[in-house]
Amino acid sequence: MSGESRKAIFYALAANLGIAICKYAAAVFTGSGSMFAEAIHSTADCGNQLLLLLGLRQSREPPSPLHPMGSGRAINFYALLVALLLFFVGGAFSVYEAFSLYGAMREIRKGAPTKSLWRWARETRESDLLVVAGEDIAALAGLAIAFAAVLATVITGNPVWDACGSIGVGVLLMLIAWFIAREVKSMIVGESASPEMRRDIEGFLRARPEIRAIINLITLQWGKEVVVAVQCEMIDYDHSRTMVEAINEIEAALQARFPLVRWVFFEPDFVNR
């Protein structure tokens, strides 16, 4: 899924580069403070996309003695950094941003065709795509607020409406940034795999004839990849070597069925009866 996420980020970056100048021009022409806030927001978003691309690159670094499981979770740090920048600086798209949001939504629907956007945002483990979608939604909503504020100022001649528009854009950005930062923080601390994937892994293990009972199952999202630790009671084997071969076969089948599972820690044990 990292390739699809990278595509969505490039799409958003192209939209930002194409529209930032137009926003500054509109701000100068109208003298609108809320539109100027949107222009600054777009400029910041260009840097945000570059940070996400840097995070994706670093997350692909191979395991090392210092980081034995690789750097897959590096993308979560950069996603949190972008959320903080979104909070303090801001950023948004223009009409082209609707296309950027469409691109992000298309990638979301590929991985979660039946989920609502709210449920996907709460359960996703793709911090980079979460940031892109959050920025796009903030962009479109922010533009609506800025447009309403400029229109009200023109109609009434009262600049207070424009000031209210600036405040509204700022509050909107802070709320969305807070939500993104909260979700990404949970990923940094360490989340399990998605509920669907954990359920599928458990069902896969229960269906294996070599396993008598599952004692404990732990999944951990590590960037785009997943760590699985399982404690099971195996059926009776005459030799320990035969059991080890059975465990190796289960691990290989698990990784073949779930390509995102990179590490499997399997512990045979007994159920206390």
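In this predicted model, Val131 touches Leu52, Ala79, Val82 and Ile180, leaving aside residues up to four places away in sequence. Val131 also belongs to the largest nonpolar core, a set of 23 residues in which Val131, Ile9 and Leu52 have the most contacts. At least two residues of this core come from each of α1 (2–30), α2 (33–59), α3 (74–88), α6 (127–156) and α7 (160–189). The greatest contribution is that of α7, with 7 residues. In soluble globular proteins, nonpolar side chains tend to be buried together.

By class, the contact of α8 with α9 comprises 6 nonpolar residues, 1 charged and no polar. As for the geometry, α8 (residues 195–206) and α9 (residues 240–257) pack at an angle of about 145°, and their axes lie 11 Å apart. The crossing of α8 past α9 is right-handed.

Turning to the strands, β1 (residues 211–222) and β2 (residues 225–234) run antiparallel and are joined by 10 bridges. Across the pair, Leu220 stands opposite Val227 in β2. The hairpin of β1 and β2 has 2 residues between its strands, and here Gly223 adopts a positive phi near 65°.

Conventions:
Residues numbered from 1 in each chain as written. Predicted model: local features only at pLDDT ≥ 70, side-chain atom pairs only at ≥ 80, totals over all residues. Heavy atoms only, no water. Core = buried A, V, L, I, M, F, W, Y, C linked by side-chain atoms within 4.5 Å. Buried < 20%, exposed > 50% of the residue type's maximum accessible area, 1.4 Å probe, protein only. Helix = DSSP H or I, 4+ residues; strand = E, 2+ residues; numbered from the N terminus. Contact = heavy atoms within 4.5 Å. Axes fitted to C-alpha atoms, helices over the stretch in contact; angles between N-to-C directions. Left-handed = near helix turned anticlockwise from the far one by under 90°. Nonpolar A, V, L, I, M, F, W, Y, C, P; charged D, E, K, R; others polar. Pairing = 2+ DSSP bridges.
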